[in-house]
Amino acid sequence: MRAVDLRSDTVTRPTPEMRRAMAEAEVGDDVWGDDPTVIELEAETARVLGKEAAVYVPSGTMGNQASVRAHTRRGDEILLHRLAHVVMHEQGGVSALSGVQPKLLDGERGMLDVETLEAAWHDASDPHYARQSLVCVENTVGEAGGLVVPPERIRAIAGFARDHGMRLHMDGARIWNAAVALGRPPADLVREVDSVSVCFSKGLGAPVGSAVAGSAEVIAEVRRNRKLFGGGMRQAGIIAAGALHALRHHVERLADDHRNARRLAVGLSGAGRIEVDPAAVETNIVLARVPDGSAEALVGELGEAGVLAGWLDAHTVRFVTHLDSQEAAVDAALEAMAPLLR
Ligand SMILES: Cc1ncc(COP(=O)(O)O)c(C=O)c1O
């Protein structure tokens, strides 16, 4: 059996149609603002997300970090969940690149709630306190297993931010999955946020790139930060064409990934060595609990059997379905894993 790679939805290869679109892309110098394919991608992304403007960036990390810097000043405090990618997996970037202090909050299912935010708020007219200028949310919540944040929750958090003079940024690396899972247009899920970073290189299957969308004013600042962080690209139309193809052709099909994730979860639910709850699968991520704390060793064993997975901690293995792991691959993976999981 060829290895089935379920480590992440970032492992996909461009499809032949995507490669063709990339090969034929019209290009210019994007730092000078004249790459027609990048311009088209940015305009289409802004339209799909219902925002005034968007900017193409090399990665989701840069999208988040350039946004944090756009909304804050050095010494500010930003409020976010302790499981947020922005603080867990971006190398302390908010402190290193924007000089802000993160305030890490708890919340069920990896999600913030207004009560917790209210308790974390302080009146910065007292000079002991940092100015709180930004709240960050994530949708879907990766670390919690691709959970979809209910739109009413985002609306309530946006209301809190507005009432306290703060901005709201969404790490929407997998906002497409959330939209498909809810059967709603992506614009419905980001209406109240001041900026949203979205990825083309995850479920959508493009080889490179993310975008940040928001008001023209916010995006102008994010564009400046992109250059500051070394993300100004030249004939970027070649990669933007892959992203544009993904945006046009690979959003609806995320429903297949979600179906395959549930299929995988159901197939794993009878295993003795791990615990999987198919009802907890909302999008393309399946978390398996490993009661004996051997997640890392188990991932090694699965790898030898031809199934690549990831582990989040000693008790959690993660599987992610994507464009290159369709139903037959999921079934092959289940068959290969069965003897190890009894
Ligand atoms: C929720 C979330 N945000 C941001 C990112 C960062 O994206 P990139 O790897 O393109 O920097 C990731 C990457 O996996 C992610 O899962």
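Predicted model: local features only at pLDDT ≥ 70, side-chain atom pairs only at ≥ 80, totals over all residues.

Biologist: Great. Which helix gives the most to the shell around the ligand?

Modeller: Helix 3, residues 60–71, with 3 residues. Around the ligand (a heavy atom within 4 Å) you'll find Ser59, Gly60, Thr61, Asn64, His85, Glu90, Glu138, Asp171, Ala173, Arg174 and Lys202.

Biologist: How do the shell residues divide into nonpolar, polar and charged?

Modeller: There is 1 nonpolar residue, with 5 polar and 5 charged. In that scheme, Asp, Glu, Lys and Arg are charged, Ala, Val, Leu, Ile, Met, Phe, Trp, Tyr, Cys and Pro are nonpolar, and the others, Gly among them, are polar.

Biologist: What is 2.6 Å from an oxygen atom of the ligand?

Modeller: An N or O atom in the side chain of Thr61. A polar backbone atom of Gly60 is 2.8 Å from a ligand oxygen, and a polar side-chain atom of Arg174 is 2.9 Å from one. The protein also covers 80% of the 390 Å² of accessible area (Shrake-Rupley, 1.4 Å probe) that the ligand has on its own.

Biologist: Changing topic: how many salt bridges are in the whole structure?

Modeller: A search finds 19, counting a Lys or Arg side-chain nitrogen within 4 Å of an Asp or Glu carboxyl oxygen. In one of them, Asp106 pairs with Arg82, with the closest N and O atoms 2.6 Å apart. That pair links distant parts of the chain, 24 residues apart: Asp106 is in the loop between strand 4 (101–105) and helix 6 (114–120), and Arg82 in the loop between strand 3 (77–81) and helix 4 (85–88).

Biologist: And the backbone? Which residues does a cis peptide bond join?

Modeller: Asn139 and Thr140, with omega about 0°. Thr140 sits in the loop between strand 5 (132–138) and helix 7 (151–163).

Biologist: What about Gln91, where is its place?

Modeller: Gln91 is in the loop between helix 4 and helix 5 (93–98). Its phi is positive, near 55°, and it isn't a glycine. Most residues other than glycine have a negative phi, and most peptide bonds are trans.

Methods. Residues numbered from 1 in each chain as written. Heavy atoms only, no water. Polar contact = N/O pair within 3.5 Å; in protein donor to acceptor, adjacent residues only side chain to side chain. Helix = DSSP H or I, 4+ residues; strand = E, 2+ residues; numbered from the N terminus.
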